[in-house]
Amino acid sequence: MANTEICEKIKGMLVENLRIPADELEYDSELFGDDIGLDSIDSIEIIAGIDNLFGVQMTGAARENFLSIETLAKYVEEHQ
Amino acid sequence: MENNRVVVTGLGLVCAIGENTEQCWSAAVNGVTGIRKVKSVNTDDCYANVGAEVDIPSDKLSDEDYDRSSLLCIKAAGEALADSGYRVNEENSARIGVIIGNCVGGAASIDKYFTDELKNGSGNTADILKMPAAAIANNVAKHFGLNGTTANIVNACAAGTISLSYAADLIRAGKADAFVAGGSDSFSSLAFAGFHALHALDADSCSPFNRSGGITLGEGAGVLIIESYEHAKARGAKIYCEVLGSGVSSDAHHITAPDPEGNGQMLAISRAIANSGLKPEDIDYINAHGTGTAKNDEAEFLSIHTIFDENPRLSVSSTKSMTGHCLGAAGSIEAVLTVKAVCEDTVPPTIGYTDENLETLKEKAGKIDFVPNTKREKTVNFAVSNSFAFGGNNASIVFAKNPREIPDRTNKDRIFVTGIGELLGNPRCEISSDAYKEHNIKMAFYRKLDRFSQLQLISGMRALRDADIAVTDDNARDIGIIIGTADGPMTEIVGFQKNVIENGTANGSAFSFPNTVYNAAGGYFSIFAGIKGYNVTNANSIQAGLQSLCYAADVLRNGDESIMIATGTDENTDTTEYLYDKLGLLNGQLGEGSVSVILENEKSADARGAKKYAELVGWGTAHKSVDFGKVTGSESALRFAIEEACRSAGIAPADVDAVCGFANGIPQVDEIEKSVFSEMFGDKPVIEVKSEIGEARAAASAKQAAAAAKLISEEKYGCVLAAAFGVGGSYSAIVLKKA
C-alpha cells in the first residue's frame, strides 16, 4: 500500500489539472482504461504535475507506473 | 458565367520572409528561410527556441494602439488595398467588407496585461479591449473606413483559408462587391508554450514532408482583395487570377490530431475541386498544409496520394518551411504565395532536404513532385491551397489562371427552423452531470472540455435531439455548424496564460492548450456528434449568435450542406466578470449559455417528416465602423441589416408583426434600438430576451432567433424579425415566418 499522503496529493493534482470529478476517482481507479479514460496529452500533464509536486521526473518511466494513483505514488516514493 | 466570377485584385503580405508581397515571393522562390532564434518570447528551459518572427516593431506597423495581430493585418491590408487600386468612399464603403482569420485573438495583449497585473498590479485596462479576436476585423474596417459585412473566422490553422472561402461565397451570393479577406496572427508566448507543452515544436527549423519533427511557429498576415469580376472590370482593375471553388469539412476525430486516414482532409480537397468543376488531374500545384508534424505530414501524404496519384504533373510544396506556421494567418499567407505561383508560373520549394533526405523523399513521393529545395518553373493553371486545423477543421481553395465557369450549386429550397437547444443561466448556468447523461456523454470525454466547450456541446446535442436528427454515416457530411461567440474560451485562455507567466514558457499546460483556440468547442462538438460537414466559428461580438444563422443560411443556399446548426455561445465566469468589471461594463448584467438553432432545407426536412418551428425567409448583416468597444454612431448599419433582411424576405419592415430586440441596459445600446425600431416598426411589440437571461452575448443573440421561432410556432405572431448588435458596429437581422 502506497503512502496515503502522496496518494492524496496526486489525486488533488489529477482533479485540479485534469478536471476529473473527485468522487469518481479512487486510488486504484484505472487511469488510462475504461474507468477514467486518460490519454497521451493527459500523461504529459501527469508528468509535469508529479515533477511540480515532488520533484520526481517520470519522463520515459515505464507504462505500468501510470496505471493508477497507487502506482504513481509508489514510483514517487521509490524515486524521491 | 460572368455573374459568378470572383477574382483576386490585390495582395498584401507581411511575414518573417519579407515585409511585402514582392519581398516574400522573392524569398519563397529562392528558398530563403525566415526562421531564426526567437526574440519576442522567453524560451528559457524550452527544448526549442526558433521561430519565424516579423522584424518590425508594432509601432512601425500602423499608428493605432491595437494588438499586434490587428497591426500586422492593417499593414498587409494596406498593401493589398493600394495594390488593388480600390478607392473606398462613402458611396461604396458598405459594399466592401472585412473577413479575417485568427487563432486566439490578441494573444500578445493578453500576455502583456496579465504580466503587468501579476508582476506589479499595473494591468492597463486599454489592453483588455485588445484581447478578443472580434477586435481584429473591426480594427481593419475602422482603419480603412470599410462598412461591409465583417467576420472574424477563428478556426485556428484553417482560419485564413476559410475567410477567403466565405468572402468568395458572399460575393457570389451578391452580398458584397469585394472583401478585404485573409488572416493574421502575432507571435505569442501562449502559442509557443502550448505547442511546446504538446511536444509539437521542432527543436530545429521545421522540415515538412521530410524529418517531420514538429512545427516552427511564425507570425504575419496575408490579405487578398477578393472581388466580383463585374465590379473589378467596371473599375478597370488589374486581375491576378480567379477564385474558384472551396471546400470546408470536419474530421470528427480528435481535438488536436488529424484523422490518420485523412478522410476529413480528402473531403475538403475533393469538395474544393468538385465545386470548381475540375478533376484531380487538372491540378498543377498544391500549397500543402505541410506543418512538419509527423501526424500532419503522414495524413497529408496519404490524402494527396489517394486523390492525386493519377495526376502526372502535380507539384506539392510547403512554404511553412520558410515562413513558419503562422496559425490563423497561415492559410492566407499561403494563398498569397499560391496566387503568385499561378501568376508567375513558378512553384516555391519546400526547403531543408539533405542529400540523404532526398533519397527518402523519392520513396515517399512516388510520382508526385514535392519540389525539394529549389523552385520549379512550370505552367500553373490550377492551384490548391490546403489548411487543416486543431479541432479537425479542414479547408481547401482553388485558384485559376484563366476564367472558368464553375458549377452553380445554388439551392433555392426554403429553409426551416427544425430544432432548438438551449442552456442558459443568469448570471451562470448550472451544468449538472445529468445534462451529460441525457446525451450519454461520458466523463472521459466531457472532463476535457472547458466551460465554453461544455455549454456548446450540451446546447448542440439538445438541438439535434429536439429536431430528432440521428447523425449517421449517410448524413454526417451533410450536416455542418456555425458557432458565433463574443469572447470565446477567454477563461481557458487567461488561465493558460497566467500559468505561463508564473511558471515559464517551458511549463505550459498540455491539457489546457487545446481549449484555448476558439474553435475547440466546434471541434469537440463535431467529434461527439459525429458531424463532418462545414464547421466554422465566428468571433464577432455580441451579434455573432444571430450572424451564425445568417452564415448558416448562406451555407445552405450555397448548396454545401442540407442541415446547419447555428449557435451562439458565451461563458460567464470569474474571469469574464473580472474583465468586464475592469472595463466598467455590464456590472451584474452578464449572463451565459449556448443556444443552438437547426436550420434545414425543405427537401431534407420533408424527407424525414421534421417538425417546423418557422421558416427563415430573410437575413442580412451590416457594419458601420466605429471604435471597437463602442456602438454610438453605428445605427445606420442596424437600419441596413434590417432592410437587407426584409428585402431578401420580400417584405417591408411594416409587414413584421413583432421584433426581438437586443437592448441590454447600456444606455447607448438601448438608445440605438429604440430610435431605429420606432422609426422602422412604429409601435409593433418588441420582445426583449435579455431582460430575462441577462447579457449572455452571442448566446443571447441566438436566443433572440430561438425566441422568435417559438413565438411563431405558438402562433402568437405570423412574422417576427430579430436584430442584434455588436460592439464596433456589426449588426445582423433575420426574418422568420409561419412555416
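Predicted model: local features only at pLDDT ≥ 70, side-chain atom pairs only at ≥ 80, totals over all residues.
**Exercise 1. Overall build**

Task: Describe chain B by its secondary structure, extent, burial and contact range.

Solution. 
- Start with the elements. Chain B has 24 helices and 24 strands.
- Next, the extent. The C-alpha trace of chain B spans about 75 × 60 × 50 Å along its principal axes.
- Then burial. Of the 739 residues in chain B, 67% are buried.
- Last, contact range. Take the contacts in chain B with a separation of 6 or more; 82% of them come from residues 24 or more positions apart.

**Exercise 2. Strand β1 and its partners**

Task: Find which strands pair with β1(B), and in which sense. Then state how many residues of β1(B) are buried.

Solution. 
- Locate the strand. β1(B) covers residues 6–15 of chain B.
- Take one partner. β7(B), residues 220–228, pairs with β1(B) in the antiparallel sense over 9 bridges. In this pairing C15(B) has G220(B) as its bridge partner.
- Take another. β8(B), residues 241–250, also runs antiparallel to β1(B), and 3 bridges join the two strands. Here V6(B) is bridged to V243(B).
- Now check burial. The cut-off for a buried residue is 20 or more other C-beta atoms within 10 Å of its own. In β1(B), 10 of the 10 residues are buried, so the strand is largely enclosed by the rest of the structure.

**Exercise 3. A helix pair**

Task: Classify the packing of α3(B) against α6(B), and name the residues that meet.

Solution. 
- Read the geometry. The axes of α3(B) and α6(B) are 8 Å apart, at an angle of about 100°.
- Apply the cut-off. Angles of 65 to 115 degrees count as roughly perpendicular. The two helices, α3(B) and α6(B), are therefore roughly perpendicular to each other.
- Name the residues. From α3(B) come A107(B), I110(B) and D111(B); they meet S189(B), L190(B) and A191(B) of α6(B).
- Sort them. The contact of α3(B) with α6(B) has 4 nonpolar residues, 1 polar and 1 charged.

**Exercise 4. Backbone checks in loops**

Task: Inspect P427(B), N440(B) and E715(B) for backbone geometry.

Solution. 
- Recall the background. Most residues other than glycine have a negative phi, and most peptide bonds are trans.
- Check P427(B). It sits in the loop between β15(B) (415–425) and α13(B) (433–437). The peptide bond joining N426(B) and P427(B) is cis, with omega about 10°.
- Check N440(B). Its phi is positive, near 60°. N440(B) is in the loop between α13(B) and α14(B) (443–446). It has 9 C-beta neighbours inside 10 Å, so it counts as exposed.
- Check E715(B). Its phi is also positive, near 60°. E715(B) is in the loop between α24(B) (698–713) and β23(B) (719–726). With 8 C-beta neighbours inside 10 Å, E715(B) counts as exposed.

**Exercise 5. Chain B against chain A**

Task: Count the residues in contact between the chains, and sort the chain B side by class.

Solution. 
- Count. The contact involves 10 residues of chain B and 13 residues of chain A.
- Sort. The chain B side has 6 nonpolar, 2 polar and 2 charged residues.

How values were computed
Residues numbered from 1 in each chain as written. Chains lettered and ligands numbered in written order. Buried ≥ 20, exposed ≤ 12 C-beta atoms within 10 Å, placed from the backbone. Helix = DSSP H or I, 4+ residues; strand = E, 2+ residues; numbered from the N terminus. Pairing = 2+ DSSP bridges. Contact = placed C-beta atoms within 7 Å. Nonpolar A, V, L, I, M, F, W, Y, C, P; charged D, E, K, R; others polar. Axes fitted to C-alpha atoms, helices over the stretch in contact; angles between N-to-C directions. Parallel < 35°, antiparallel > 145°, perpendicular 65-115°, else oblique.
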